[in-house]
Amino acid sequence: MPPLGLLHMRAWASLFNRLLRPSGVVCIREVHFHSQGQMSLQVSEAVLTSQLKPQHEKSNFIIKTPKGTRDLSPQQMVVREKILDLVIGCFKRHGAKRLDTPAFELKEMLTEKYGEDSGLIYDLKDQGGELLSLRYDLTVPFARYLAMNKVKKMKRYHVGKVWRRESPTIVQGRYREFCQCDFDIAGQFDPMIPDAECLKIMCEILSGLQLGDFLIKVNDRRILDGMLAVCGVPESKFHAICSSIDKLDKISWNDVRHEMVARKGLAPEVADRIGDYIQCHGGVSLVEEMFQDSILSQNKQAIEGLGDLKLLFEYLTLFGIAEKISFDLSLARGLDYYTGVIYEAVLLQTPAQAEESLNVGSVAAGGRYDGLVGMFDPKGHKVPCVGFSIGVERIFAIVEQRMKTSGQKIRTTETQVFVATPQKNFLHERLKLISELWDAGIKAELLYKNNPKLLTQLHYCEHMGIPLAVIIGEQELKEGVIKLRSVASREEVAIKRENLVAEIQKRLSES
């Protein structure tokens, strides 16, 4: 065979690659022809690794959700929807509008808003366009929305997923992807009226969920900053020390003190003075006591915060919830954007409950953030805001565990009526009948079989908890009636076809 040029060699290589590539073995770069019709192949070193893997290795692949995430089964979704319905119903009762924002934001919108927690933000890979991050919470996107749309007043709620790159503790309801339910009031109003309503809503939700006794701790960032100032903390360390104090619900005071001194460079005597204050907690009487504190009362910021807390307790008393509120000087809330009143709800447990229940930490938290919107506004115009978030995942973990303990069965559908037949060749009649029920707004099901057995159909009703069954057969069709069966009692009555919908609706309204 005559010699071929390089171009022809590569053309032959391309042909062989098309023929051999499906086998997943080689990648031919050039083909060389020799005398006597012999041929040699020059194989490329850049063989795809995936093509060389033995087929049996695929069996080692583990199907799972990413760390810190989970699927929710139909049973779990029923429980979650009930929780969310109660929470959203309370938000609506107080006149809130619903808002939604994108799951990701421009990275620059989220940076420097969360203090030490900024490292927990999920950054998305640069796709050659904008630098993006998954939202860390729903508060910062809300502030961005207000500034972008020049909204000065708004009472809103928002339910959506957020993402945090922290170590998940699944059994305690802590995840990397989780749902938040936020309620916020934006606008310039008289002091403490919106703040008091937020605490009232929080009490209504926690009482309605019947999670047990609870306590809402309150403090004020101005009191906290004033306390740090009079204790001798340099202003440059305020945020760092607040972040340490915020860990008191997770670690002991000795560990917090060690972090302040060893890691954050605070003088030991300053840390000890802080320790004397943050062990104080009580009601409005403690507010009065702090007014009389000879050291703290010298700080203007602290006095302003104490004045607002005194007014707040006055409104909380009128709302009838003052006994659920505790002024707690150890409450810090580590997020940088809080400027005034802050609060956090925790469940109170008896020793017996503590053995059975989960240690989920706070179940709701929030506060006032008057400067956050101004960070997004080109001219720095501020819109005062106050709000809170309900810890849906933590509440769900508690409710789920209690339901498992009690063995409570959960219906995963809302089907009200099942359409059945005892005879063969009645699919058309069943389809006509179920269509009538659907058109009347009745939730109905049937089995997707031409000739199902009656016993199978009735067992399905009992298993799924469907309260009523309608049965149609030759006799019923001839007489113009339908049998209406109570699944629980197994009692049956014949109802005229034209009266069936009305009878079903009557029974459902009575149940």
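Predicted model: local features only at pLDDT ≥ 70, side-chain atom pairs only at ≥ 80, totals over all residues.
The protein comprises 19 helices and 18 strands, assigned as DSSP runs (helices H or I, at least four residues; strands E, at least two) and numbered from the N terminus. Of its 511 residues, 45% are buried, where buried denotes under 20% relative accessible area, exposed over 50%, and partly exposed the range in between (1.4 Å probe, protein chains only). Among contacts (heavy atoms within 4.5 Å) with a separation of 6 or more, 65% join residues 24 or more positions apart.

The largest pocket holds about 1100 Å³ of space, a volume being the space filled by probe spheres set on grid points that are joined across faces, edges and corners. A pocket is here an open set of points on a 1 Å grid over the protein atoms alone, where a 1.4 Å probe fits, with protein on both sides within 12 Å along at least five of seven lines, and lining residues have an atom within 4 Å of a point. The lining consists of 47 residues, of which Tyr 136, Arg 164, Arg 174, Arg 333 and Arg 394 lie nearest the centre of the pocket; strand 7 (177-186), strand 12 (362-368), strand 13 (385-390) and helix 15 (392-406) each give two or more residues to this lining.

An unreviewed UniProt entry lists under "binding site" Asp 137, Leu 138, Thr 139, Arg 164, Gln 180, Asp 184, Arg 333, Tyr 337 and Tyr 338, and from this set Asp 137, Thr 139, Arg 164, Gln 180, Asp 184, Arg 333, Tyr 337 and Tyr 338 belong to the lining of the largest pocket; such annotations may be inferred rather than shown by experiment. Asp 137 is located in the loop between strand 5 (132-134) and helix 5 (139-149) and is buried, with a relative accessible area of 3%. Beyond residues up to four places away in sequence, Asp 137 touches Tyr 114, Val 162, Arg 164, Gln 180 and Tyr 337. Leu 138, found in the loop between strand 5 and helix 5, is buried at 0% relative accessibility, and its contacts outside four places in sequence are with Arg 156, His 158, Gly 160, Val 162, Gln 180 and Asp 182.

In helix 15, Ile 395 is buried at 0% relative accessibility. Its C-alpha atom is separated by 8.7 Å from that of Leu 209, 186 residues apart along the chain, and contacts of Ile 395 outside four places in sequence include Ile 83, Leu 209 and Val 363.

Note on methods. Residues numbered from 1 in each chain as written. Heavy atoms only, no water.
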